[in-house]
Amino acid sequence: MDDLKLLNGMRADAPEPGADRLDALRARVLRPRRRFRLVPSLLVTVSAAAGAVAVTVVVNGAVPPPQGARPSVAVETRPMNAAVVLVRAAQVSERRALTPEPRADQWLYRKNMVKQPNDAAPETQESWTRYDGTRRAVRWGRGPLEQFGSTPDPDDDDLTPREYAARLAGLPTDPDRLLAHVRGDRHWETKPRWDTGEPPDARAFRVLSVYLDQEVPVPPRLRGAIFRALARIPGVRVDSGVRDAAGRAGIGIAYERGAPGVGTEHDTDGQVISRSYLVLDATTYEFLGTRVDYVRDELINGEIAFPAGSFYATAELAKGIVDKPGELPGS
Amino acid sequence: MIAQTEPDDAEVIARARRDPAVFSVLFDRHAPALHRYVTRRLGESLADDVVADTFLAAFRRLGRYDTAHRDARPWLYGIAANLIGKHRRAEVRAYRALARTGTDTVAESYADRVEARVSASAAHRELAEALAVLSPQDREVLLMVAWADFSYQEVALALGVPVGTVRSRLHRARRKTRAALGADPSAVVEEDTRG
């Protein structure tokens with residue numbers, strides 16, 4: 001008797017979940033509204049609240065796709081000299097004072113706004129993460145404060161803020177060395193250990209973007225090195241007049257060459273479909289938020305998911321260190 | 001009529017990074033089979049927790065997924081394997097009980113009670129004994145192959161180990177299952193077609 005075949009018959013009557021069970025699970029994972037809706041998924045904050053999603057995308061729609069090339073919409077942004085802007089951003093960043101490290105029992109506070117392409121109004125989310133990563137709290141809009149414990153994953157994929165700060169502190173602050181590092185960094189390295197496949201420059205852009213969009217402060221010298229490294233990546237572009245979810249105009253950093261899931265998205269004819277930005281204040285170069293502009297209709301299975309002119313955006317409205325969940329900085 | 005092609009997992013993930021709503025496509029595609037697999041390991045109610053936590057973790061890690069891998073199954077099952085590992089003692093306890101008493105608490109979790117009382121076959125009891133004593137790593141490989149129908153390559157991706165390691169772990173695991181079944185343990189045949 002073949003052991004594998006026999007094993008295959010063991011508990012072979014286990015069913016797939018029924019529709020009710022699956023619906024309940026889906027609701028748990030894709031919590032509609034006010035539970036934890038994750039913020040900038042494009043760049044993925046490491047310890048942002050567990051994910052979730054409101055709208056369901058209909059994938060098998062019967063709407064015929066528009067024929068021929070998709071028309072583009074005009075945007076009010078203007079390209080700038082990327083190298084000049086990024087070096088300036090580096091110089092300003094390097095002059096900033098080092099932020100003192102929070103105590104393990106202190107909490108990182110962050111208030112974010114998210115505007116979905118198909119929603120009229122943005123939503124706000126406040127989150128508190130204990131610096132040692134053991135507890136989190138979230139408030140949606142004016143909803144109640146929801147607190148929960150946080151179990152770190154057995155692999156080192158989920159870093160606590162403290163661990164993340166330690167990782168940032170260990171990165172090279174020489175721009176060339178930093179760039180070489182992030183070109184090969186899968187962020188994270190230990191898991192999953194996939195084959196490489198993502199082009200190195202796209203990976204570098206993605207990983208550097210993740211660093212800039214963290215709840216833990218990036219040390220000034222590293223922040224400078226990140227901008228100098230971005231300036232060395234061919235295809236990195238800077239536009240002025242890019243607005244975050246709160247409507248604040250800043251400079252937008254984009255990766256024009258793009259790769260699947262990273263930077264500017266093109267159709268098969270090479271036309272730009274959407275452009276993703278990290279939005280920074282034009283004078284202080286502080287992180288404001290992220291934005292994805294749909295320049296042409298974004299189609300999913302032939303259906304227009306996000307029409308030309310729509311956008312997804314986030315905005316970081318406040319940030320700070322507090323002693324208790326629910327407390328606001330400066331209060 | 002317009003031919004519509006389903007976007008593959010990598011494309012869905014790339015889009016979900018821009019709009020989290022698209023993530024539901026990945027859930028609908030993979031949650032049913034993953035749930036069944038975890039049910040076989042841990043029973044139905046723990047499967048709910050593991051599957052929910054797997055997709056929540058996957059959502060948080062969308063930005064780090066390497067879209068060169070068009071099929072997200074190894075990634076998802078790798079996340080699930082870590083979460084299943086947290087329930088290792090419960091899993092092993094159920095194998096032990098099945099081996100000793102012939103009653104399968106895991107099967108009872110999903111089956112009609114009366115029906116489930118039908119005791120397991122002698123061979124399954126012997127297998128359960130072997131599953132209980134395997135190292136967690138060896139068991140993971142064996143069950144991914146036997147119950148999730150993964151190739152060696154897929155197991156390697158899921159667990160983040162080289163294919164050679166998958167082979168040797170599977171070989172070691174099968175020596176034990178064969179010994180438990182009273183067969184000649186050295187007669188394990190490598191199924192190279194899988195890799």
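Residues are numbered from 1 along each chain as its sequence is written, while chains are lettered from A and ligands numbered from 1 in the order in which they are written. Because the model is predicted, local features need pLDDT of at least 70 and side-chain atom pairs count only at pLDDT 80 or more, whereas totals for chains, interfaces and linings use all residues.

On confidence, the predictor gives the complex an ipTM of 0.87 and a pTM of 0.54. Chain B averages a pLDDT of 85, with 87% of its residues scoring at least 70; pLDDT is the predictor's confidence in each residue, from 0 to 100. Where pLDDT is low, the predicted coordinates should not be read in detail.

Let's start with chain A. It has seven helices and 13 strands, taken as DSSP runs numbered from the N terminus (helices are H or I, at least four residues; strands are E, at least two). Of its 331 residues, 44% count as buried. By buried I mean 20 or more other C-beta atoms within 10 Å of the residue's own; exposed means 12 or fewer, and partly exposed is in between, with C-beta atoms placed from the backbone.

Now please find β7(A). Six of its seven residues are buried, so the strand is largely enclosed by the rest of the structure. Strand β6 (residues 236-243) of chain A runs antiparallel to β7(A), joined to it by seven bridges; strands pair if DSSP finds at least two bridges between them. The two form a hairpin with five residues between them, and A:Gly247 in the turn has a positive phi of about 85°. β7(A) also pairs with strand β9 (residues 272-280) of chain A, antiparallel, over three bridges.

Moving along, A:Ala259 sits in the loop between β7 (249-255) and β8 (265-266) of chain A. Leaving out residues up to four places away in sequence, A:Ala259 touches A:Glu198, A:Pro199 and A:Ala202, where a contact means C-beta atoms, placed from the backbone, within 7 Å. The C-alpha atoms of A:Ala259 and A:Pro199 are 7.4 Å apart, although 60 residues separate the two along the chain.

Over to chain B and the cores. A nonpolar core is a set of buried Ala, Val, Leu, Ile, Met, Phe, Trp, Tyr and Cys residues joined through C-beta atoms within 7 Å. The largest has 72 residues, and B:Val50, B:Phe55 and B:Val155 are among those touching the most other members. Its largest share, 10 residues, comes from helix α3 (residues 44-60) of chain B. A second, separate core of 53 residues includes our friend A:Ala259, along with A:Ala202.

Last stop, helix α5 of chain B. Its buried residues are B:Glu91, B:Ala94, B:Tyr95, B:Leu98 and B:Ala99. Seen down the axis of α5(B), they fall within an arc of 130°, so they line one face of the helix; the arc is that of the directions from the helix axis to the C-beta atoms. On the other side, B:Arg89, B:Arg100 and B:Thr101 are exposed. Just after α5(B), B:Gly102 takes a positive phi of about 80°.

How values were computed:
Contact = placed C-beta atoms within 7 Å.
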